[in-house]
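Here is a short briefing on one protein model and its ligand. Keep the structure open as you read.

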Amino acid sequence: MVDSKHPETLAVHAGYRNDPNTGSVAVPLYQTTSFQFNDTQHAENLFALKELGNIYTRIMNPTNDALEQRLSAIEGGAAALSLASGQSASSYTVMNLCRSGDNFVSSNNLYGGTWNLFANTLKDFGIEVRYADAADPESFRKATDDRTRCYYAETLPNPKLNVFPIKEVADIGRELGVPLIVDNTAAPSICRPLDHGAAVVMYSTTKYLTGNGTSIGGIMIDGGNFDWEANKERFPTLNEPDPSYHGAVWTEAAKPLGPIAYILRARVVLLRDLGACMSPFNAFQTIQGLETMPLRMERHCENGEKVAEYLAKHEKISHAIHPSLQDGEMKRRADAYLSGGYGALVGFELKGGKEAGMKFIDSLKMLYHVANIGDARSLAIHPASTTHSQLSPEEQVQTGVTPGYVRLAIGIEHIDDILADLEQALKAA
Ligand code: PLP
């Protein structure tokens with residue numbers, strides 16, 4: 001295995017060298033549901049977790065394993081688990097620690113799908129989300145009690161694009177014995193949340209990690225840096241005997257394997273029971289995209305900054321949003337947690353309000369009008385008429401989505417072509 005700490009190298013080498021049977025250099029696509037056991041003893045050992053190995057693709061698969069090892073290496077983690085979508089990754093990161101009657105504290109600056117999952121679906125399961133103010137780390141401490149199982153936040157949440165104070169909140173959590181989970185979907189390779197004290201990182205791999213817009217997927221990465229046994233009563237799912245696995249205690253069971261109790265339980269309990277596995281085909285696609293992710297992110301960030309600079313001076317725009325344009329505490333956070341660029345999400349507010357926003361979108365020729373982010377192609381959306389249209393006007397303002405707000409996810413095309421399309425659409429708006 002190549003020994004490197006550089007994402008450019010890890011993205012093409014980590015977790016896989018060549019196929020032991022064929023020598024294949026590209027990670028093979030193991031499009032199979034099942035793996036034949038060597039003999040009955042082998043099968044018994046695998047089921048009893050005495051030996052780790054492939055049983056059934058819902059639980060693990062060698063193509064997915066290569067992706068998991070690669071992303072874990074890029075993030076500086078101990079082990080990872082690939083899942084069917086970013087949504088399943090967000091769900092599992094929290095459900096791996098919270099049971100009915102428990103609570104967790106989340107940043108109030110979140111992707112709308114995550115907000116809904118937490119505020120409604122997890123609530124229906126008896127898991128309470130307590131929203132804290134992302135701008136005020138101490139609000140996480142205030143919301144914590146004995147039943148608080150984790151903190152949750154996004155590194156670079158849109159539309160406000162205020163970088164989350166990862167270390168400040170992770171430090172409070174470590175003082176109180178609460179792990180911080182970070183959704184780093186918008187900031188791969190420019191931020192490594194585990195370096196700043198996060199315990200778990202998750203991604204929608206659908207976005208920059210795959211980058212080609214072909215495959216929905218998610219991943220959760222265990223930092224292996226959190227002591228689940230120091231406050232045993234806070235983490236019953238990891239420290240109490242698990243009746244679904246012959247009374248296994250996951251912190252004990254993981255000891256021979258490394259500091260991976262959290263991710264081991266997510267795989268052998270949540271994935272086994274709830275079943276949101278990433279298909280090997282999508283893992284294969286994600287591996288193809290991941291090889292160029294650090295390189296693409298450089299261009300995404302470079303283009304994002306140039307677009308932000310252009311928009312900030314445009315006469316039809318009241319203000320542009322990008323970390324490169326911030327000042328004060330928000331800029332300090334952006335500089336503390338992002339390196340090598342400020343990301344490629346750019347927001348702006350049209351003076352002409354909702355009508356101008358919709359006209360702008362309808363006039364775009366190259367940029368795609370889609371709800372997604374993190375594609376190699378440049379993308380645009382007008383949230384007030386789409387993703388945020390169900391919210392009341394007050395909620396829209398609270399979430400940072402005003403009627404004339406437009407979100408761009410800048411791609412890797414030539415900057416001149418991106419600016420030319422924006423210019424002609426702004427003229428029409
Ligand atoms: N987290 C963030 C920050 C996202 O932007 C998204 C999707 O837009 C998700 C999670 C959910 O991911 P997926 O669409 O892959 O389920």
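A polar side-chain atom of D183 sits 2.6 Å from a nitrogen atom of the ligand. The protein buries 88% of the 390 Å² that the ligand exposes when taken alone. Such areas come from the Shrake-Rupley method with a 1.4 Å probe; for residues, only the protein chains shown count as cover.

This is a predicted model: local features need pLDDT of at least 70, side-chain atom pairs count only at pLDDT 80 or more, and totals for chains, interfaces and linings use all residues. Residues are numbered from 1 along each chain as its sequence is written, and side-chain values use heavy atoms, with hydrogens and water left out.

**Around the ligand**

- The ligand is surrounded by S85, G86, Q87, Y111, E154, D183, T185, S204, T206, K207 and G217.
- Ala, Val, Leu, Ile, Met, Phe, Trp, Tyr, Cys and Pro count as nonpolar, Asp, Glu, Lys and Arg as charged, and the others, Gly among them, as polar.
- T206 has a polar side-chain atom 2.6 Å from an oxygen atom of the ligand.
- For K207, an N or O atom in the side chain is 2.7 Å from an oxygen atom of the ligand.

**The cavity**

- The structure holds 1 cavity of 30 Å³ or more. On a 1 Å grid over the protein atoms alone, a cavity is a set of points where a 1.4 Å probe fits but cannot get out; lining residues have an atom within 4 Å of a point.
- The largest cavity has a volume of about 50 Å³. Grid points are joined across faces, edges and corners, and a volume is the space filled by probe spheres set on the points.
- Of the 13 lining residues, T57, I59, N64, S82 and L271 are the closest to the centre of the largest cavity.
- By class, the lining has 6 nonpolar, 4 polar and 3 charged residues.

**Two buried loop residues**

- T155 lies in the loop between β4 (148-154) and α7 (166-176). Helices (H or I, at least four residues) and strands (E, at least two) are DSSP runs, numbered from the N terminus.
- T155 counts as buried because its relative accessibility is 1%. Buried means under 20% relative accessible area, exposed over 50%, partly exposed in between (1.4 Å probe, protein chains only).
- A187 lies in the loop between β5 (180-183) and β6 (200-204). A187 has 0% relative accessibility, so A187 counts as buried.

Note on methods:
A residue is near a molecule or strand if one of its heavy atoms lies within 4 Å of it. A polar contact is a pair of N or O atoms within 3.5 Å; within protein, one must be able to donate a hydrogen and the other to accept it, and residues adjacent in sequence count only if both atoms are side-chain atoms. On a 1 Å grid over the protein atoms alone, a cavity is a set of points where a 1.4 Å probe fits but cannot get out, and a pocket is an open set with protein on both sides within 12 Å along at least five of seven lines; lining residues have an atom within 4 Å of a point.
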